[in-house]
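I opened the model to look up a few things about it. My notes follow in the order I made them.

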Amino acid sequence: MKDGYHSAYWAELYDLGHDLFPWLNEDGNIFLGAYKDMRARRPLEACLEDKYIFVDIGCGTGRVFNQLADNLVQTGGLSDRVQFIGLDYSAHMLKRATAKMPKALSHCIKYVQGSATDLFAVEEFQGPPTVDVVTFAAGSISMLMEPGQAEKFLVQAAGVLRPKKGRALISVRYVFDDSRQAEQAKMQERMFETSYSQDTPSSSFPGILYRQGKEIYRREGNLVFWDLPVQVIKVDANGLETVIDTDVASMGGRVWKDGELLLAATTAGLELVETCSSSNETMYVFKRG
Ligand SMILES: C[S@@+](CC[C@H](N)C(=O)[O-])C[C@H]1O[C@@H](n2cnc3c(N)ncnc32)[C@H](O)[C@@H]1O
């Protein structure tokens, strides 16, 4: 089944979902804090070539860097000496991220197609570990749902992080967290309140609207899925509709047992620094142990 990041239409739908549910963007302040802490932890000497490296794994359409750019423009703190690298396996998500690159950071962002479990294939991660910040936002570590996949990512994240000073920020959404049953239920309710209730016009493709069907929730062991049917409809000048694409995407991933992520991270050589919580996720902040 398709994963929901498999076409230009679904990449746009991802962004439309974040417009529909603004609370999904509550992590902006956490990433702004991580950026500021990074600079405070390792002040750069003016005369040296050294840079900060800030990496967003599973960057999708660039939400983390776009939010960060907005926040840095508002609060100050932009620096030319940061290399931002966004990595994602979906060419469609990356194409959209590139098109939406924020002006304030466009000269220092690089988007790379690759896998969260093959970090050392990326040129910048070869050689000594010099990454200052790794983010894996929006509960996306759950998308590594094959046995051992998330564990493999954690080992590699530890391997690229700058010893002591580097930080990895890894989000676990409550819908993927069996120790947060009450919040799981609340989040499900919030999503059902507004989803699939209306047609959503495309902002990127003239004359296109998305018609969402009813989501089907299913749980299989430690995996959870929301199968989401969507029709892509072309509407002509007379209002005549032609369905040009019909797809069901299976959005979901691995559900974590209480303490499971922490154990996997510790085993991978990461040490917990702190956790921050929002209405929909726990953000674990790790350093290399
Ligand atoms: C829920 S979206 C999050 C996008 C973005 N980080 C955000 O916060 O808005 C998950 C993203 O992870 C990407 N992804 C999933 N598995 C991946 C993998 N193994 N390697 C690289 N990217 C992956 C998907 O293509 C998708 O763009």
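I count Ala-237 as exposed because 6 C-beta neighbours lie inside 10 Å. The cut-offs are 20 or more other C-beta atoms within 10 Å for buried, 12 or fewer for exposed, and partly exposed in between, with C-beta atoms placed from the backbone. I found Ala-237 in the loop between β9 (223–235) and β10 (241–254). Strands are DSSP runs of E, at least two residues, and helices are runs of H or I, at least four, numbered from the N terminus. From Ala-237 to Leu-94 I get 143 residues in sequence and 32 Å in space, C-alpha to C-alpha.

The model is predicted: local features need pLDDT of at least 70 and side-chain atom pairs 80 or more, while totals for chains, interfaces and linings use all residues. Residues are numbered from 1 along each chain as its sequence is written.

Next I traced a sheet. It is open and mixed, with 7 strands in the order β3-β2-β1-β4-β5-β12-β11. Two strands pair if DSSP finds at least two bridges between them. β3 (109–113) and β11 (270–277) each have a single partner strand, so one side of each has no neighbour in the sheet. β11 pairs with β12 (residues 281–288) in the antiparallel sense over 7 bridges. In that pair I noted Glu-274 opposite Val-285 in β12.

Last, I looked up the UniProt record. Its unreviewed entry lists "domain: Methyltransferase type" for residues 55–163; positions use the numbering here, feature names are shortened, and annotations may be inferred rather than shown by experiment. The span is 31% helix and 17% strand, and its end C-alpha atoms lie 15 Å apart.
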